[in-house]
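User: Hi! I'm new to this one, could you walk me through it?
Analyst: Happy to, here it is.
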Amino acid sequence: MQPATDIFPVRFRQARAIARRSLRELASDLHVSHTLLNRYETGAAKPVASMLLKIADALGVAPDFFFRREQPALQEIRFRKKSALGAREKRSIEERAKDFFSRYLEIEQIAAHETPPFPRFEASRERSPEAWAQRLREDWHLGDDPIPNLQQLLENKGVKIFEIDTDNEKFDGFSAVCGDAAFLVIASWLKKDLPRKRMTLAHELGHLLVAQDASFSEEEHEAFADAFASAFLMPRDTFSKMFGWRRSRVSLSELLPVKAYFGVSIAALMYRARVLELISESSFRQFCIVRNKLGWRKKEPDCYRGEESSSRFERLVKKSVQEAEISESKGAALLGVPLAKLRKELANAV
């Protein structure tokens, strides 16, 4: 929680980061001096109401954005090592996530509906990703069946998820923690590639599950998360029975039903088959050659028609409005939507 005297400068910097605007760019938009905005940002001066409205409009936020108090200190944020995102874009995504999760935490507090602490395991070189995946499935009573809606499952288990609106395919997701709370950000563009979205969710779950260990390199953490995701989405016994043992050749007509069953890409299931030694290394290399020739690296044959969505945050806000715990205007501010839109959505409530 920020002290009252510090909250506006903090929020001002955050709004600029979200909008990816420098002080000089913003000053030019507002036709004011860079020095004046710098005084606002350092806390040396405060904007009058009319200037505050102009700043909010220029940065695309509601005026109350600058005075919301709850801010989670996200830790262990992991962007992919080979991510092509620039520093400004990464900062924008991080700050948008902080703003969303601050609203999420606020409505949980209002609704007295906090989630239980997320379980975390200590990293260990003696424990394989396969073992961790099996343990989590047992702890969550999932059996060995496919998971139909992983995003909803994670929210039901206490992970707060922000599906960030972006068509930037250089970004797919990241995870973070704050105390005993778990947060996950997933890119909205992944809706058009559900197998990749599921693998990204499971990958970030792997990061959340096992705490960072200084003795593990970044490459080792990424490799762990990849292996965990594969094992979690495709349990060894069920996958092996469906794929078949020690295959020398596999046809596309056989792979499509397996893809549809587990909700993963053909590349992911062939990688899993290689790890479990259901196919040889040479067979896997031959698959990779064929995959490249067919252009499957960009777009595979599509046969998965599952659903990956969750709306816990939205449900909490709407429930609080309907139960008169908060006003309609407060609900609209938390959701980041116009008041008229929220009223229309609530009009048919019974």
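User: How do helix α8 and helix α9 pack?
Analyst: Helix α8 (residues 194–209) and helix α9 (residues 218–233) pack at an angle of about 120°, and their axes are 8 Å apart. Helices (H or I, at least four residues) and strands (E, at least two) are DSSP runs, numbered from the N terminus. Axes are lines fitted to C-alpha atoms, for helices over the stretch in contact, and angles run from 0 to 180 degrees between N-to-C directions.
User: And the model itself, what is it?
Analyst: This is a predicted model, where local features need pLDDT of at least 70, side-chain atom pairs count only at pLDDT 80 or more, and totals for chains, interfaces and linings use all residues. Residues are numbered from 1 along each chain as its sequence is written, and side-chain values use heavy atoms, with hydrogens and water left out.
User: Back to α8 and α9, what do we call their arrangement?
Analyst: α8 and α9 are therefore oblique to each other. Angles under 35 degrees count as roughly parallel, over 145 as roughly antiparallel, 65 to 115 as roughly perpendicular and the rest as oblique.
User: Which residues of α8 and α9 make the contact?
Analyst: Among them are Met199, Ala202 and Leu205 of α8 and Phe224, Phe228 and Leu233 of α9. Contact means heavy atoms within 4.5 Å. The residues of this α8 and α9 contact divide into 10 nonpolar, five polar and three charged. Ala, Val, Leu, Ile, Met, Phe, Trp, Tyr, Cys and Pro count as nonpolar, Asp, Glu, Lys and Arg as charged, and the others, Gly among them, as polar.
User: What about α14 and α16?
Analyst: Their axes are 12 Å apart and the angle is about 80°, so α14 and α16 are roughly perpendicular to each other. The contact is made by Glu314, Lys318, Val321 and Gln322 of α14 with Leu342, Glu345 and Leu346 of α16. By class, that contact of α14 with α16 has three nonpolar, one polar and three charged residues.
User: Where do the axes of α5 and α15 come?
Analyst: They come within 9 Å and cross at roughly 145°. Arg103, Glu106 and Ile107 of α5 meet Lys330, Ala333, Leu334 and Leu335 of α15 in the contact.
User: Switching topic, how big is the second largest pocket?
Analyst: The second largest pocket has a volume of about 990 Å³. On a 1 Å grid over the protein atoms alone, a pocket is an open set with protein on both sides within 12 Å along at least five of seven lines, while a cavity is a set of points where a 1.4 Å probe fits but cannot get out; lining residues have an atom within 4 Å of a point. Grid points are joined across faces, edges and corners, and a volume is the space filled by probe spheres set on the points.
User: What lines the second largest pocket?
Analyst: 34 residues do, of which Phe100, Arg103, Phe162, Leu335 and Gly336 lie nearest its centre. α5 gives the most to this lining, with five residues.
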